[in-house]
Amino acid sequence: MKFTALQIAELLNGTVDGDPETEVDRLAKIEEGTEGSLTFLSNPKYTSYIYSTNASIAIVSDEFSIDQEIETTLIRVKDPYKAFSTLLEYYNQVKLNKTGIEQPNFIAASSTFGENIYLGAFTYIGENVKIGDDVKIYPNTYIGDNVTIGDNTVIFPGVKIYSETTIGKFCVIHAGVVVGADGFGFSPSDDGEYHKVPQIGNVIVEDNVDIGAGTTIDRATLGSTIIRSGVKLDNQIQIAHNVEIGYNTAIAAQTGIAGSTKIGKNCLIGGQVGFAGHLTIGDRVKIQAQSGIGRNIADDEVIQGSPAFGYGDFNKSYVHFKNLPKIVNRLNKIEKKI
């Protein structure tokens, strides 16, 4: 699909400096721009590229001043970075704007659908599933019985959503996610064997949640595993049974959260963080990557390490950690003298 400079300027509330009929059909970095592509300039370090890029259109600031000949058509806006982000979002919406029901698939007769949905091929929709308006479900997806999916949610290929799960509005669930598999519940017996504890709860994912590829969210033993509105989950995260993650918390890849831990709102959690079970993590907590969390954390703490402790104390202690062999040698010499 092609767009003219004038159409893009109208979308971004910008003005055209050059040929308003210049057309583009793809996006590019300014240093890699080719004919027919659109780029942007926001960082002054890249200013030299505006004169050498082969991009047909470039988004620049209203205040950008040309000091040599330029062939690229410019679109002037207040904030080029924000404008380009808006354009990326629009481009993504156009690219992903699929509708209709592809074949083959299986749809239980008791399931209901809203308007303007997309259902990809080889998709299974179980009994009593309720799917809202403008939902997009890509191929090879499994939706179990009694699942509810809210309006404008996008589910990418190969997602598995087990029975009784509730997904809110405007969610994005990426490829390979599993929502609602059994929690890790086993009871040891006297003979050393393990007996499975039935997991009869569910998972509730509220509105505006993003779940990265390969992430797994286990169903509760009883009650619900809950992902609150606005949560952002990276790829390959494990969330165990009966966990609750608070509003607008963001968690980076390969983090693991053991059962029944409660994480507060507006937390920032780095990659490869491990949480023990049955913990309470406060609001606005920041946890550095590869930390091990084995205790409750109060509101507003910033922590690092394994086991984790105060971020400032960790940095001070690290000075001594790396000098420990030297310190031990000095102590040994002192002891010999004594």
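These are my notebook entries on the overall form of the protein and on a few of its residues, all read from a predicted model.

Entry on the whole chain. I began with the secondary structure and found four helices and 40 strands in the protein. I then looked up the radius of gyration, which is 26 Å and thus well over the 20 Å that the globule rule gives for 338 residues, so I note the protein as more spread out than a compact globule. Taken along the principal axes, the box that the C-alpha atoms fill is roughly 80 × 80 × 30 Å.

Entry on contacts and surface. Taking the contacts between residues at least 6 apart in sequence, I find that 17% join residues at least 24 apart. I see that 41% of the 338 residues count as buried, and that the protein exposes about 18,000 Å², with carbon and sulfur atoms supplying 51% of that area.

Entry on a nonpolar patch. I looked up which residues make a nonpolar surface patch of about 370 Å², and they are Met1, Leu11, Tyr90 and Val94. Of these I followed Val94, which I place in helix α2, residues 80-95; I record Val94 as partly exposed because its relative accessibility is 31%, a value between the 20% and 50% cut-offs.

Entry on Ser65. I located Ser65 in the loop between β6 (57-61) and β7 (73-77), and I count Ser65 as exposed because its relative accessibility of 55% lies over the 50% cut-off. I also checked Ser65 against His195: the two are 130 residues apart in sequence, and their C-alpha atoms are 72 Å apart in space.

Conventions
Residues numbered from 1 in each chain as written. Predicted model: local features only at pLDDT ≥ 70, side-chain atom pairs only at ≥ 80, totals over all residues. Heavy atoms only, no water. Patch = residues over 30% accessible without salt bridge, like charges linked within 9 Å, V, L, I, M, F, W, Y side chains within 5 Å. Areas by Shrake-Rupley, 256 points an atom, 1.4 Å probe, with all protein chains shown as cover. Salt bridge = Lys/Arg side-chain N within 4 Å of Asp/Glu carboxyl O. Helix = DSSP H or I, 4+ residues; strand = E, 2+ residues; numbered from the N terminus. Buried < 20%, exposed > 50% of the residue type's maximum accessible area, 1.4 Å probe, protein only. Rg over C-alpha atoms; globule rule 2.2 N^0.38 Å. Contact = heavy atoms within 4.5 Å.
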